[in-house]
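Hi,

Here is the model I promised to pass on to you. Have a look at it first, and my notes follow below.

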Amino acid sequence: GCVALEMDGEEGVFYRRLPKVELHAHLNGSVSYQTIEKLSKQKPHLNIEQNMTAIGKGQRRTLDECFQVFKVIHQLVDAEEDILMVAKDVITEFSADGVKYLELRSTPREEKNTGLTKRRYIETVLSAIQQCKNEELDIDVRFLVAIDRRNGTEVAMETVKLAEEFMLSSDGLVVGLDLSGDPTVGHGRDLLPALQRAKNSGLKLSLHLSEVPSQLDETDLLLNLPPDRIGHGTFLHPEVGGSKSLVDKVLKNHIPLELCLTSNVKGQTVPCYSKHHFKYWYQLGHPCVICTDDKGVFCTDLSQEYQLAASTFGLSRESVWNLSQQAIDCIFAEDSVKQQLRQKWAVLKPQVLK
Ligand SMILES: CNc1ncnc2c1ncn2[C@@H]1O[C@H](COP(=O)(O)O)[C@@H](O)[C@H]1O
Ligand SMILES: [Zn+2]
């Protein structure tokens with residue numbers, strides 16, 4: 001099976017007990033091995049094996065191959081009951097890993113065969129969140145509606161309108177919009193009107209930016225919005241072909257970066273952990289939030305990502321604690337939620353950092 005790096009002993013216990021905030025998690029990329037197993041058993045005709053839905057330890061794929069993996073998972077998760085189960089399982093797993101606040105993101109899909117609409121898709125994820133709330137898991141979950149850039153201008157605008165609707169009707173669960181999908185397909189300029197409209201209506205924006213090289217024009221254009229958070233931002237800085245002016249825009253607007261070490265290494269946009277751009281931005285004192293991206297596909301969890309960041313860049317436990325605490329400042333939920341989380345961290349600090 002797909003076993004994440006072993007986290008036994010005192011070290012592992014610390015990272016698991018560390019209270020954490022997860023801000024960059026794609027629902028269908030977060031599906032665990034156990035949940036995939038359940039789904040494959042229900043759909044044996046699809047003949048899906050584990051190596052088709054996850055990239056194991058030491059394995060690498062091109063980003064293009066990663067996007068093939070999502071296609072396979074989407075085949076398995078195509079009905080309302082699948083989405084409900086997957087969302088509940090993913091939330092439960094994040095909670096078990098010590099995540100206290102989670103922003104899940106997912107692309108509403110229309111399924112011709114099952115009659116699922118985009119609206120129903122969102123409603124299903126929201127009811128999974130609600131069901132987990134009723135079970136009194138110690139995790140606050142919010143939702144970002146995702147735009148897949150491959151689907152172009154019109155779908156983007158349709159998705160924004162849906163997100164606006166749910167922002168007003170979901171009791172604060174829908175807080176923002178994500179822009180993701182294969183970064184090599186399409187151009188941000190075509191999505192600008194939709195993103196601008198979302199921002200004006202009060203949706204927070206988290207955009208995948210400069211995940212691959214040579215997107216300086218697109219990144220510059222989208223940074224002018226400006227977004228509220230950036231996913232990856234791997235190629236923003238001059239050393240890897242970005243530019244000082246892009247970096248300055250990010251710094252000036254204090255736009256937090258969502259950084260996903262294992263995702264970038266396994267997807268080969270970053271050559272190795274020690275060359276991850278976490279180092280560049282962290283040294284500048286810029287807000288960096290450690291995230292998983294796709295914990296199922298990349299066989300990781302948030303505890304492990306914190307541990308990897310710490311061991312790669314020599315962070316003390318105190319620094320690790322501050323890193324997880326500072327993520328609270330970057331969440332999209334309202335200030336009262338931030339206050340509650342800060343309170344939670346304060347209570348846990350003496351127990352965890354002893
Ligand atoms: C690895 N780096 C990445 N870069 C860009 N987009 C990514 C991604 N990882 C995941 N997604 C986006 O999330 C979808 C799967 O979850 P949902 O069906 O939306 O829940 C993918 O199809 C892709 O659009
Ligand atoms: Zn992502």
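A polar contact here is a pair of N or O atoms within 3.5 Å; within protein, one must be able to donate a hydrogen and the other to accept it, and residues adjacent in sequence count only if both atoms are side-chain atoms. This is a predicted model, in which local features need pLDDT of at least 70 and side-chain atom pairs count only at pLDDT 80 or more, while totals for chains, interfaces and linings use all residues. Residues are numbered from 1 along each chain as its sequence is written, chains are lettered from A and ligands numbered from 1 in the order in which they are written, and side-chain values use heavy atoms, leaving out hydrogens and water.

With that settled, let me begin with Ser 32. Its side chain makes a polar contact of 3.1 Å with that of Thr 35. Ser 32 sits in the loop between strand S1 (20-26) and helix H2 (33-42); helices (H or I, at least four residues) and strands (E, at least two) are DSSP runs, numbered from the N terminus. At a relative accessible area of 9%, Ser 32 is buried (under 20% relative accessible area; exposed is over 50% and partly exposed in between, with a 1.4 Å probe and protein chains only). Beyond its neighbours within four places in sequence, Ser 32 is in contact (heavy atoms within 4.5 Å) with Glu 93 and Lys 295.

Finally, helix H9 (residues 244-252) has Leu 246, Val 247 and Val 250 as its buried residues. They lie on the same side of H9, because they cover an arc of only 100 degrees around the axis (taken from the directions from the helix axis to the C-beta atoms). Exposed Lys 244 and Lys 252 are on the face turned away from the buried side. Among what covers the buried residues of H9 are helix H8 (216-223), strand S6 (229-232) and helix H11 (278-283).

Best wishes
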